[in-house]
Amino acid sequence: MEISISSDLRQKVPGFKVGIIEYENIVVGDSPQMLKGRLQLFQESIFFELEHKNVTEFEGIQEWRQVFKQAGKDPNRYRHSAEALFRRIKKQNYLSTVNSAADLNNFFSLEYQSPIGIYDKSKLEGNVRFRLGHEGEEYTGLNGRPNSLENLIITEDHNGPFGSPFVDSNRAPVTEETTEAVQIIYFRPSLEKDSCARLAESLMGMFLQVHGGEGEFCIVG
């Protein structure tokens, strides 16, 4: 799988970089109690912090709002997925468990204050490219609604867009039948590559601890 970033995205968002983790021979199921407990405690910790702090004061949330603005998307109307999680917690609408892969994805998205997506690799085809969405483009998201992709950072394969740091499409979600997956970390542009590599390795290590299998990662950008 080759990974590329379009020139217009590089130009509008200098420093744009992503971490790509590919997993094989994994077993997805109910989250172990360890993960459920850590996710719940982390959400409670964030909730108490939000009693004295606005969501937009978190550095990662703020930086990704700026990224959306640079790309041409209003961050007040289109909130990146990490900000959406923080706003749910602020309302004490804590995340319910989905499956081990989705729960771990949410945990690290909260920890890194950045959008993270995970996809069933068997439902993707060809190479992966990051670009800005065009006028008239849309897909049905995991939220069950059509989502405009214009000026949104999107991830596409041979068959078209399937993900974004806003909301993913419903084309390639990870389920309990998934045995190979691709995880995408949308890093803060301000992070150095060495820091990105350490974060990707940490995420991959915990993912493999929970799901078994093998994994490898790369940083692009």
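1. **Before you start.** This is a predicted model, where local features need pLDDT of at least 70, side-chain atom pairs count only at pLDDT 80 or more, and totals for chains, interfaces and linings use all residues. Residues are numbered from 1 along each chain as its sequence is written, and side-chain values use heavy atoms, with hydrogens and water left out.

2. **The antiparallel sheet.** Look for an open sheet of four strands in the order β3-β9-β2-β10, with antiparallel pairing. Strands (E, at least two residues) and helices (H or I, at least four) are DSSP runs numbered from the N terminus, and two strands pair if DSSP finds at least two bridges between them. β3 and β10 (214-220) stand at the edges with a single partner strand each, so one side of each has no neighbour in the sheet. From one strand to the next, the twist averages 15°. Inside the sheet, β2 (residues 18-24) and β9 (residues 181-186) run antiparallel and are joined by six bridges; I21 has Q183 in β9 as its bridge partner.

3. **The mixed sheet.** Another open sheet of four strands has the order β1-β4-β7-β8, and its pairing is mixed. Its edge strands, β1 (3-5) and β8 (160-163), each pair on one side only. Here the twist averages 35° from one strand to the next. β1 and β4 (residues 128-132) run parallel, joined by three bridges, and I3 stands opposite V128 in β4.

4. **A helix pair.** How do α2 and α4 pack? Helix α2 (residues 33-50) meets α4 at an angle of about 75°, with the axes 9 Å apart. That makes α2 roughly perpendicular to α4, a label for angles of 65 to 115 degrees. The axes are lines fitted to C-alpha atoms over the stretch in contact, and angles run from 0 to 180 degrees between N-to-C directions. Q43, I46, F47 and L50 in α2 are in contact with F86, I89 and K90 in α4 (heavy atoms within 4.5 Å). By class, this contact has five nonpolar, one polar and one charged residues.

5. **The largest pocket.** About 1,100 Å³ of space lies here, a volume filled by probe spheres set on grid points joined across faces, edges and corners. On a 1 Å grid over the protein atoms alone, a pocket is an open set of points where a 1.4 Å probe fits, with protein on both sides within 12 Å along at least five of seven lines; lining residues have an atom within 4 Å of a point. Of the 33 lining residues, S81, L85, N106, L142 and V167 are the closest to the centre. The largest share of the lining, five residues, comes from α4.

Notes: Parallel < 35°, antiparallel > 145°, perpendicular 65-115°, else oblique. Nonpolar A, V, L, I, M, F, W, Y, C, P; charged D, E, K, R; others polar.
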